[in-house]
Amino acid sequence: MTDLRTNQDLDAARLRKAFGIFPTGVVAVAAEVDGELIGLAASSFTSVSLDPPLVSVSIANGSKTWPDLRRAGHLGVTVLADHQGTVCRQLAGPVEQRFDGVPIKASDEGAVTLDEGLAHFDCTVYREVEAGDHIIVLLELHGVDHPETGSPLIFHRSGFGKLVAV
Ligand SMILES: Cc1cc2nc3c(=O)[nH]c(=O)nc-3n(C[C@H](O)[C@H](O)[C@H](O)COP(=O)(O)O)c2cc1C
């Protein structure tokens with residue numbers, strides 16, 4: 001039986017737990033800005049539109065990285081593979097260590113992608129939409145590259161998992 005009442009006290013911890021029931025993949029959003037590699041992990045990636053080709057990520061208003069990342073000419077988005085849980089935590093950790101030991105490619109326009117990822121997107125910022133304590137960043141795609149095989153990293157209930165065929 002469900003017990004869905006209205007006017008509940010929807011505090012952040014409760015919402016985070018509820019949102020975490022919905023499984024997602026995880027992407028790395030990254031760029032080279034002023035000669036520095038910058039980026040973060042995001043599970044809020046969503047495909048949005050085919051024409052024009054758009055995807056979105058939601059970035060917390062308090063992000064220290066986003067103000068620099070948004071200045072990049074182009075941004076790279078990499079869909080993480082199922083063996084990249086540690087890389088994902090690293091990309092959410094101390095800024096100066098986020099790319100340590102992570103094989104990457106940087107395009108001439110500054111988009112940074114992770115070699116071991118499952119899919120790579122070359123993007124520019126299309127629009128930023130204020131949405132509560134996050135900004136919905138719409139990204140326009142200029143290039144896509146992906147191998148035909150491989151499994152994604154899954155983020156679910158605050159932990160990582162893999163897809164299992166049923
Ligand atoms: C699995 C996972 C998913 C995340 N998803 C998001 C996200 O969708 N949006 C976001 O702003 N931060 C997300 N983060 C947190 C960022 O990766 C990063 O830690 C945070 O932005 C703080 O770093 P910053 O101040 O350099 O931005 C996620 C972290 C992890 C580990």
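This is a predicted model: local features need pLDDT of at least 70, side-chain atom pairs count only at pLDDT 80 or more; totals for chains, interfaces and linings use all residues.

Reader: Which residues come nearest to the ligand?
Author: Ala41, Ser44, Ser58, Ser63 and Thr65, out of 17 around it.

Reader: And which elements each supply at least two residues of that shell?
Author: Strands E2 and E4 do, and so does helix H3 (85–91).

Reader: What does the side chain of Ser63 do there?
Author: An N or O atom of that side chain is 2.5 Å from a ligand oxygen. Backbone N or O atoms also come in: one of Lys64 lies 2.8 Å from an oxygen of the ligand, and one of Ala92 lies 3.0 Å from a ligand oxygen.

Reader: How much of the ligand does the protein bury?
Author: 80% of the 620 Å² that the ligand exposes when taken alone. The ligand takes up the space of the largest pocket.

Reader: Switching to backbone. Where is the peptide bond that is cis?
Author: From Asp51 to Pro52, with omega near 5°. Pro52 is in the loop between strand E3 (46–50) and strand E4 (53–60).

Reader: What about phi of Asp34?
Author: Positive, near 50°, and Asp34 is not a glycine. Asp34 belongs to the loop between strand E1 (27–33) and strand E2 (36–42).

Reader: Is Asp34 buried or exposed?
Author: Exposed, at 65% relative accessibility.

Reader: Where is Asn7 found?
Author: In the segment before helix H1 (12–19). Asn7 has a positive phi of about 60°, though not a glycine. Asn7 is exposed, with a relative accessible area of 74%.

Note on methods:
Residues are numbered from 1 along each chain as its sequence is written. Side-chain values use heavy atoms; hydrogens and water are left out. Helices (H or I, at least four residues) and strands (E, at least two) are DSSP runs, numbered from the N terminus. Buried means under 20% relative accessible area, exposed over 50%, partly exposed in between (1.4 Å probe, protein chains only). A residue is near a molecule or strand if one of its heavy atoms lies within 4 Å of it. A polar contact is a pair of N or O atoms within 3.5 Å; within protein, one must be able to donate a hydrogen and the other to accept it, and residues adjacent in sequence count only if both atoms are side-chain atoms. Accessible areas come from the Shrake-Rupley method with a 1.4 Å probe; for residues, only the protein chains shown count as cover. On a 1 Å grid over the protein atoms alone, a cavity is a set of points where a 1.4 Å probe fits but cannot get out, and a pocket is an open set with protein on both sides within 12 Å along at least five of seven lines; lining residues have an atom within 4 Å of a point. A molecule sits in a cavity or pocket if more than half of its atoms lie within 2 Å of its grid points.
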